[in-house]
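Thanks, everyone; let me take a few minutes to go through one model with you. Please have the sequence and the structure in view while I talk.

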Amino acid sequence: MHMNILVTLDDNYIRPLFIMLESLFCHEKSPLDIYLFYSNVSEDNRKRLHTYIQKKGGRFIPVLVEDDVFRDAPVFRYFTKEMYYRLLCSRLLPETEKRVLYLDPDILIRGELLPLYEMDFQGKQLIGMEDYAINHMLTEKKEVIAFTEKECYINSGVLLFNLEKMRELFVLKDFIGILESYKDVVSYPDQDLINLYFKEDRLVGERIYNYNTGYGSIGGMLAWTLGLHREERQPVIIHYMGKSKPWQVDYYGKYYFEYYHYLKKHLSWKGKVLFFFKPCYVAAKLAKVLIRKCCTFLENGERGDKEWNR
């Protein structure tokens with residue numbers, strides 16, 4: 001069967017998109033239709049995408065989104081209004097299509113996606129994977145949007161949409177209403193709102209299909225670096241969440257070398273020089289983090305001694 005893949009972005013994420021697509025075509029043998037929802041992607045970049053996807057045997061379908069649909073939606077930090085466009089999939093994709101898999105551009109595919117794509121919706125509107133960091137380490141982010149500790153918060157970077165069900169139930173006006181109510185308190189704009197809107201109408205899939213590359217702690221980073229910690233099941237989709245990205249020189253998270261395997265083809269000579277010296281940069285960055293932690297530990301110890309001696 002053919003697979004529908006959806007991406008939504010602007011010109012700033014074109015290079016990561018090419019890398020994600022290359023990893024996708026390397027591992028997925030099913031025929032692929034790649035939909036791009038956009039309002040700010042140049043004609044030149046759309047032509048490049050068309051040529052590349054056609055060469056790989058896929059089909060490229062760009063869909064222009066009216067710029068004012070989410071004009072007043074909250075955007076900040078590295079988020080852009082394009083992140084909301086995925087919610088238009090049941091409107092903008094052909095009526096004959098029953099499902100679509102949305103993928104963020106800052107991910108890497110390491111295996112076949114068909115098992116995820118063919119998952120049973122069980123009557124729900126979408127399937128997403130849990131956001132491990134928010135559910136287990138940053139629980140205060142859930143509290144802001146009135147999620148309880150037991151309620152699973154999903155990550156919006158990989159979402160399988162049930163188009164048939166969304167055409168029946170999804171109301172854009174209601175989603176925008178939630179957006180208006182929470183826009184002053186959300187931390188991750190589209191993701192928080194997707195969790196709120198689909199709270200009772202989504203399934204949670206396996207984490208291997210949306211694996212966060214964060215270490216979680218300094219101890220976790222050291223354990224990973226020393227080879228003392230590995231996942232029981234190898235991730236199929238790696239998601240480079242957070243502000244630091246693997247195409248930046250200052251990235252030192254998990255699965256960097258796998259990303260660099262694809263990235264190096266897209267680097268200029270200057271970029272290659274910078275990444276050649278990356279180990280020195282990473283060592284200095286790591287030393288800085290460890291020194292800061294040691295200083296904090298010593299300061300706390302000294303403060304404790306003073307309190308004890310009073």
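Which residues does Q191 touch, not counting residues up to four places away in sequence? They are D131, I134, Y153, I154, N155 and S156, where contact means heavy atoms within 4.5 Å.

Before I go on, this is a predicted model, in which local features need pLDDT of at least 70 and side-chain atom pairs count only at pLDDT 80 or more, while totals for chains, interfaces and linings use all residues. Residues are numbered from 1 along each chain as its sequence is written, and side-chain values use heavy atoms, with hydrogens and water left out.

Q191 lies in helix α9, residues 189-197, helices being DSSP runs of H or I with at least four residues and strands runs of E with at least two, numbered from the N terminus. Q191 counts as buried because its relative accessibility is 6%, the class being under 20% relative accessible area, with exposed over 50% and partly exposed in between, for a 1.4 Å probe and protein chains only.

K81, by contrast, is partly exposed, with a relative accessible area of 24%; K81 sits in the loop between β3 (59-64) and α3 (89-92). The C-alpha atoms of K81 and D67 are separated by 9.1 Å, with the two residues 14 apart along the chain.

The contact residues of α1 with α11 comprise 6 nonpolar, 2 polar and 2 charged, where Ala, Val, Leu, Ile, Met, Phe, Trp, Tyr, Cys and Pro count as nonpolar, Asp, Glu, Lys and Arg as charged, and the others, Gly among them, as polar.
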